[in-house]
Amino acid sequence: MRKQTAIVTDTNSGLRPEEAAGLGIDLIPMPVDLAGACYFEYDTITQAEFFSRLGSGAEVSTSQPAPGALTDCWERLLEDYDQVVYIPMSAGLSGGYQTAAMLSGDYDGRVLVADTRRISVTQRQAALDGAFLARQGKTGAEIREYLEQDGGNSDIFIAVNTLDLLKKSGRVTAAGAALGSMLSIRPVLRIRSGKLDAYRKVRGMRSAMQAMIEGLREDSRRLEGERLFIRAAYAGDRQAGENWQAALREAFPEYEIGLDPLPISVCCHVGYGALGAGIARDILTEGEAK
(Lines give C-alpha, C1' and ligand atoms only; values in the text may rest on other atoms or scores of the structure.)
Protein backbone atom coordinates (compact mmCIF):
# COMPACT_ATOMS: atom_id res chain seq x y z
CA MET A 1 0.00 0.00 0.00
CA ARG A 2 1.43 3.38 -1.03
CA LYS A 3 1.96 6.07 1.58
CA GLN A 4 0.95 9.66 1.00
CA THR A 5 3.73 12.14 1.81
CA ALA A 6 7.40 11.71 2.74
CA ILE A 7 9.31 14.48 4.56
CA VAL A 8 12.94 15.18 3.69
CA THR A 9 15.29 17.74 5.20
CA ASP A 10 19.07 18.05 5.55
CA THR A 11 21.59 18.19 8.38
CA ASN A 12 21.35 21.99 8.45
CA SER A 13 18.33 21.24 10.63
CA GLY A 14 20.59 19.92 13.40
CA LEU A 15 18.79 16.57 13.25
CA ARG A 16 21.11 13.60 13.66
CA PRO A 17 20.60 10.53 11.43
CA GLU A 18 19.34 8.25 14.19
CA GLU A 19 16.99 10.95 15.46
CA ALA A 20 15.59 11.66 11.98
CA ALA A 21 15.10 7.94 11.31
CA GLY A 22 13.12 7.57 14.52
CA LEU A 23 10.87 10.42 13.46
CA GLY A 24 10.31 9.08 9.97
CA ILE A 25 12.20 11.96 8.34
CA ASP A 26 14.73 11.38 5.57
CA LEU A 27 17.97 13.29 6.07
CA ILE A 28 20.42 14.52 3.44
CA PRO A 29 23.99 15.10 4.73
CA MET A 30 25.32 18.57 3.94
CA PRO A 31 28.75 18.88 2.32
CA VAL A 32 31.63 20.86 3.80
CA ASP A 33 34.97 21.59 2.15
CA LEU A 34 38.00 21.24 4.42
CA ALA A 35 41.39 22.06 2.95
CA GLY A 36 40.13 21.22 -0.53
CA ALA A 37 38.49 17.89 0.34
CA CYS A 38 34.72 17.38 0.52
CA TYR A 39 33.12 15.74 3.55
CA PHE A 40 29.50 15.09 4.52
CA GLU A 41 28.07 15.88 7.94
CA TYR A 42 27.40 12.77 10.07
CA ASP A 43 28.44 10.61 7.11
CA THR A 44 32.17 11.11 6.46
CA ILE A 45 32.93 13.67 9.18
CA THR A 46 31.79 14.12 12.77
CA GLN A 47 31.43 17.38 14.65
CA ALA A 48 34.51 16.51 16.74
CA GLU A 49 36.60 15.86 13.61
CA PHE A 50 35.39 19.10 12.05
CA PHE A 51 36.40 21.22 15.03
CA SER A 52 39.73 19.43 15.30
CA ARG A 53 40.49 20.31 11.68
CA LEU A 54 39.17 23.84 12.16
CA GLY A 55 41.39 24.31 15.22
CA SER A 56 44.39 23.20 13.16
CA GLY A 57 43.80 26.06 10.76
CA ALA A 58 42.15 24.20 7.88
CA GLU A 59 40.35 26.43 5.38
CA VAL A 60 36.62 25.71 5.41
CA SER A 61 33.74 26.47 3.08
CA THR A 62 30.21 25.22 2.55
CA SER A 63 28.18 24.26 -0.49
CA GLN A 64 24.77 22.86 -1.33
CA PRO A 65 23.94 19.18 -1.89
CA ALA A 66 24.79 17.81 -5.34
CA PRO A 67 21.73 17.54 -7.60
CA GLY A 68 22.16 13.77 -7.75
CA ALA A 69 22.01 13.48 -3.96
CA LEU A 70 18.59 15.15 -4.01
CA THR A 71 17.13 13.32 -6.98
CA ASP A 72 18.39 9.91 -5.81
CA CYS A 73 16.67 10.47 -2.45
CA TRP A 74 13.43 11.70 -4.01
CA GLU A 75 13.24 8.86 -6.53
CA ARG A 76 13.85 6.24 -3.84
CA LEU A 77 11.01 7.68 -1.74
CA LEU A 78 8.63 8.03 -4.68
CA GLU A 79 8.73 4.27 -5.09
CA ASP A 80 6.66 4.07 -1.87
CA TYR A 81 5.12 7.54 -1.48
CA ASP A 82 2.78 9.63 -3.61
CA GLN A 83 4.65 12.86 -2.82
CA VAL A 84 7.81 14.21 -1.22
CA VAL A 85 8.15 17.50 0.66
CA TYR A 86 11.76 18.69 0.85
CA ILE A 87 12.70 21.27 3.52
CA PRO A 88 16.11 22.85 2.82
CA MET A 89 17.72 25.77 4.63
CA SER A 90 16.37 29.27 3.96
CA ALA A 91 16.57 30.53 0.38
CA GLY A 92 17.91 33.77 1.85
CA LEU A 93 21.01 32.00 3.18
CA SER A 94 21.87 29.63 0.34
CA GLY A 95 21.16 28.82 -3.28
CA GLY A 96 20.16 25.29 -2.31
CA TYR A 97 16.44 26.10 -2.34
CA GLN A 98 16.57 27.47 -5.88
CA THR A 99 18.47 24.40 -7.13
CA ALA A 100 16.02 22.01 -5.45
CA ALA A 101 12.99 23.94 -6.72
CA MET A 102 14.36 23.77 -10.27
CA LEU A 103 15.02 20.02 -10.01
CA SER A 104 11.56 19.38 -8.57
CA GLY A 105 10.02 20.61 -11.83
CA ASP A 106 10.87 17.25 -13.42
CA TYR A 107 8.56 15.30 -11.08
CA ASP A 108 5.08 16.39 -12.23
CA GLY A 109 4.15 17.93 -8.89
CA ARG A 110 5.17 14.90 -6.85
CA VAL A 111 8.15 16.72 -5.26
CA LEU A 112 7.43 19.98 -3.45
CA VAL A 113 10.19 22.20 -2.04
CA ALA A 114 9.30 24.43 0.92
CA ASP A 115 11.14 27.65 1.72
CA THR A 116 10.54 27.87 5.45
CA ARG A 117 13.11 30.70 5.79
CA ARG A 118 14.76 28.73 8.58
CA ILE A 119 17.96 26.95 9.57
CA SER A 120 19.22 24.94 12.57
CA VAL A 121 16.75 24.46 15.43
CA THR A 122 13.87 26.25 13.68
CA GLN A 123 14.42 24.24 10.48
CA ARG A 124 14.34 21.18 12.75
CA GLN A 125 10.94 22.28 14.01
CA ALA A 126 9.70 22.77 10.44
CA ALA A 127 10.69 19.17 9.66
CA LEU A 128 8.91 17.93 12.80
CA ASP A 129 5.82 19.95 11.89
CA GLY A 130 5.92 18.55 8.36
CA ALA A 131 6.15 14.98 9.64
CA PHE A 132 3.28 15.65 12.05
CA LEU A 133 1.08 17.00 9.24
CA ALA A 134 1.99 14.03 7.03
CA ARG A 135 0.82 11.68 9.78
CA GLN A 136 -2.46 13.62 9.84
CA GLY A 137 -2.95 12.76 6.17
CA LYS A 138 -2.22 16.22 4.76
CA THR A 139 -1.15 16.41 1.13
CA GLY A 140 2.26 17.66 0.06
CA ALA A 141 0.71 20.91 -1.17
CA GLU A 142 -1.04 21.46 2.17
CA ILE A 143 2.16 20.75 4.10
CA ARG A 144 4.25 23.10 1.97
CA GLU A 145 1.63 25.84 2.26
CA TYR A 146 1.57 25.57 6.05
CA LEU A 147 5.36 25.50 6.41
CA GLU A 148 5.89 28.51 4.14
CA GLN A 149 3.16 30.55 5.81
CA ASP A 150 4.48 29.67 9.26
CA GLY A 151 8.13 30.32 8.37
CA GLY A 152 8.12 33.88 9.68
CA ASN A 153 6.87 32.80 13.11
CA SER A 154 10.40 32.03 14.21
CA ASP A 155 13.67 33.64 15.23
CA ILE A 156 17.25 32.51 15.84
CA PHE A 157 19.92 34.31 17.85
CA ILE A 158 23.61 33.36 17.67
CA ALA A 159 26.46 34.76 19.78
CA VAL A 160 29.96 34.12 18.48
CA ASN A 161 33.05 33.55 20.60
CA THR A 162 35.49 34.50 17.84
CA LEU A 163 35.36 36.97 14.96
CA ASP A 164 37.98 35.19 12.83
CA LEU A 165 35.58 33.30 10.55
CA LEU A 166 33.23 36.26 10.22
CA LYS A 167 36.26 38.24 9.09
CA LYS A 168 37.13 35.60 6.49
CA SER A 169 33.57 35.63 5.17
CA GLY A 170 33.65 39.41 4.88
CA ARG A 171 30.89 40.03 7.42
CA VAL A 172 33.30 42.09 9.53
CA THR A 173 36.45 43.89 8.42
CA ALA A 174 39.91 42.82 9.56
CA ALA A 175 40.20 46.04 11.58
CA GLY A 176 36.79 45.49 13.13
CA ALA A 177 37.67 41.93 14.05
CA ALA A 178 40.96 43.01 15.65
CA LEU A 179 39.27 45.78 17.63
CA GLY A 180 36.44 43.48 18.64
CA SER A 181 38.88 40.87 19.92
CA MET A 182 40.80 43.46 21.94
CA LEU A 183 37.62 44.76 23.55
CA SER A 184 35.99 41.31 23.95
CA ILE A 185 33.15 42.44 21.71
CA ARG A 186 30.66 39.67 21.00
CA PRO A 187 28.27 40.28 18.11
CA VAL A 188 24.84 38.73 18.52
CA LEU A 189 23.38 37.76 15.16
CA ARG A 190 19.74 37.22 14.30
CA ILE A 191 18.09 35.11 11.59
CA ARG A 192 14.52 36.22 10.98
CA SER A 193 12.45 35.69 7.83
CA GLY A 194 15.40 33.85 6.32
CA LYS A 195 17.91 36.70 6.52
CA LEU A 196 21.01 37.06 8.72
CA ASP A 197 21.48 40.45 10.40
CA ALA A 198 23.32 41.92 13.36
CA TYR A 199 21.15 42.13 16.47
CA ARG A 200 23.46 43.63 19.10
CA LYS A 201 27.13 44.12 19.94
CA VAL A 202 27.98 43.46 23.58
CA ARG A 203 31.09 42.89 25.65
CA GLY A 204 31.68 39.33 26.80
CA MET A 205 29.74 36.11 26.29
CA ARG A 206 27.72 36.53 29.47
CA SER A 207 26.28 39.79 28.12
CA ALA A 208 25.68 38.10 24.77
CA MET A 209 23.68 35.38 26.51
CA GLN A 210 21.58 38.02 28.26
CA ALA A 211 21.01 39.82 24.96
CA MET A 212 19.74 36.58 23.39
CA ILE A 213 17.42 36.00 26.35
CA GLU A 214 16.03 39.51 25.92
CA GLY A 215 15.50 38.86 22.20
CA LEU A 216 13.66 35.62 22.94
CA ARG A 217 11.45 37.45 25.45
CA GLU A 218 10.59 40.03 22.78
CA ASP A 219 9.61 37.20 20.45
CA SER A 220 7.52 35.42 23.06
CA ARG A 221 5.55 38.67 23.48
CA ARG A 222 5.30 39.12 19.69
CA LEU A 223 3.91 35.59 19.34
CA GLU A 224 1.80 35.73 22.50
CA GLY A 225 -1.10 33.32 22.45
CA GLU A 226 0.73 30.82 20.23
CA ARG A 227 2.08 27.44 21.31
CA LEU A 228 5.86 28.02 21.23
CA PHE A 229 9.12 26.20 21.77
CA ILE A 230 12.63 27.42 22.62
CA ARG A 231 15.68 25.32 21.80
CA ALA A 232 19.36 25.94 22.58
CA ALA A 233 22.33 25.21 20.31
CA TYR A 234 26.11 25.24 20.64
CA ALA A 235 29.21 24.99 18.45
CA GLY A 236 31.68 22.35 19.60
CA ASP A 237 31.68 23.03 23.35
CA ARG A 238 29.04 20.71 24.81
CA GLN A 239 29.59 21.92 28.38
CA ALA A 240 29.06 25.54 27.34
CA GLY A 241 25.92 24.39 25.55
CA GLU A 242 24.58 22.68 28.65
CA ASN A 243 25.33 25.78 30.75
CA TRP A 244 23.47 27.88 28.19
CA GLN A 245 20.56 25.44 28.24
CA ALA A 246 20.43 25.76 32.04
CA ALA A 247 20.40 29.57 31.78
CA LEU A 248 17.50 29.38 29.33
CA ARG A 249 15.60 27.01 31.59
CA GLU A 250 16.00 29.49 34.44
CA ALA A 251 14.87 32.38 32.24
CA PHE A 252 11.95 30.47 30.70
CA PRO A 253 10.72 27.90 33.25
CA GLU A 254 7.48 27.47 31.28
CA TYR A 255 9.37 25.87 28.35
CA GLU A 256 11.05 22.51 27.95
CA ILE A 257 14.40 23.68 26.54
CA GLY A 258 16.06 21.23 24.14
CA LEU A 259 19.72 21.28 23.09
CA ASP A 260 21.41 20.55 19.75
CA PRO A 261 24.82 21.11 18.17
CA LEU A 262 24.80 23.86 15.58
CA PRO A 263 25.08 22.35 12.09
CA ILE A 264 28.53 22.37 10.51
CA SER A 265 27.40 24.79 7.80
CA VAL A 266 26.71 27.37 10.52
CA CYS A 267 29.86 26.52 12.48
CA CYS A 268 31.94 27.26 9.37
CA HIS A 269 30.95 30.91 9.85
CA VAL A 270 30.60 31.31 13.62
CA GLY A 271 33.41 29.05 14.87
CA TYR A 272 34.02 27.10 18.05
CA GLY A 273 32.23 28.22 21.20
CA ALA A 274 29.29 29.98 19.56
CA LEU A 275 25.93 29.70 21.30
CA GLY A 276 22.48 30.03 19.81
CA ALA A 277 18.79 29.70 20.52
CA GLY A 278 15.68 29.50 18.39
CA ILE A 279 12.03 30.17 19.05
CA ALA A 280 9.09 29.21 16.83
CA ARG A 281 5.51 28.07 16.81
CA ASP A 282 4.99 24.43 17.77
CA ILE A 283 1.98 22.60 16.34
CA LEU A 284 2.85 19.23 17.86
CA THR A 285 0.23 17.76 20.15
CA GLU A 286 1.01 16.51 23.63
CA GLY A 287 2.90 13.23 23.48
CA GLU A 288 4.36 13.85 20.03
CA ALA A 289 8.14 13.67 19.59
CA LYS A 290 10.07 16.87 20.29
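Trainee: In which order do the three strands of the open sheet lie?

Mentor: As a general idea, strands of a sheet pair through backbone hydrogen bonds, either parallel or antiparallel. Here the three strands form an open sheet in the order β4-β3-β5, and the pairing is antiparallel. The edge strands, each pairing on one side only, are β4 (37-40) and β5 (60-62), and from one strand to the next the twist averages 30°. Two strands count as paired if DSSP finds at least two bridges between them, while strands (E, at least two residues) and helices (H or I, at least four) are DSSP runs numbered from the N terminus.

Trainee: What should I keep in mind about where these values come from?

Mentor: This is a predicted model, in which local features need pLDDT of at least 70 and side-chain atom pairs count only at pLDDT 80 or more, whereas totals for chains, interfaces and linings use all residues. Residues are numbered from 1 along each chain as its sequence is written, and side-chain values use heavy atoms, with hydrogens and water left out.

Trainee: How many bridges join β3 to β4, and which residue is the bridge partner of Val-32?

Mentor: Strand β3 (residues 31-34) is joined to β4 by four bridges, and the two run antiparallel; Val-32 has Tyr-39 in β4 as its bridge partner. Helix α2 (residues 47-55) lies across β3, β4 and β5, at about 30° to β3. Such angles run from 0 to 180 degrees between N-to-C directions, with axes being lines fitted to C-alpha atoms, for helices over the stretch in contact.

Trainee: What is the order of the open sheet of four strands?

Mentor: That sheet has the order β2-β1-β6-β7, with parallel pairing. Its edge strands are β2 (25-28) and β7 (111-113), each pairing on one side only, and its twist averages 25° from one strand to the next. Strand β6 (residues 81-87) pairs with β7 over three bridges in the parallel sense, and Tyr-86 stands opposite Val-113 in β7. Helix α3 lies across β1 (3-10), β2, β6 and β7, running at about 150° to β6.

Trainee: At what angle do the axes of α3 and α4 cross?

Mentor: The axes of helix α3 (residues 67-78) and helix α4 (residues 96-104) cross at roughly 50° and come within 10 Å. Angles under 35 degrees count as roughly parallel, over 145 as roughly antiparallel, 65 to 115 as roughly perpendicular and the rest as oblique, and α3 and α4 are therefore oblique to each other. In their contact (heavy atoms within 4.5 Å), Pro-67, Leu-70, Thr-71 and Trp-74 of α3 meet Ala-100, Leu-103 and Ser-104 of α4.

Trainee: Why is strand β11 described as largely enclosed?

Mentor: Buried means under 20% relative accessible area, exposed over 50% and partly exposed in between, with a 1.4 Å probe and protein chains only. In strand β11 (residues 228-234) seven of the seven residues are buried, so the strand is largely enclosed by the rest of the structure. Leu-228, Ile-230, Ala-232 and Tyr-234 point one way, Phe-229, Arg-231 and Ala-233 the other way, and all are buried. Strand β11 pairs with strand β13 (residues 275-281) over seven bridges in the antiparallel sense, where Ala-233 has Gly-276 as its bridge partner. Strand β11 is also joined by four bridges to strand β12 (residues 258-261), and these run parallel.
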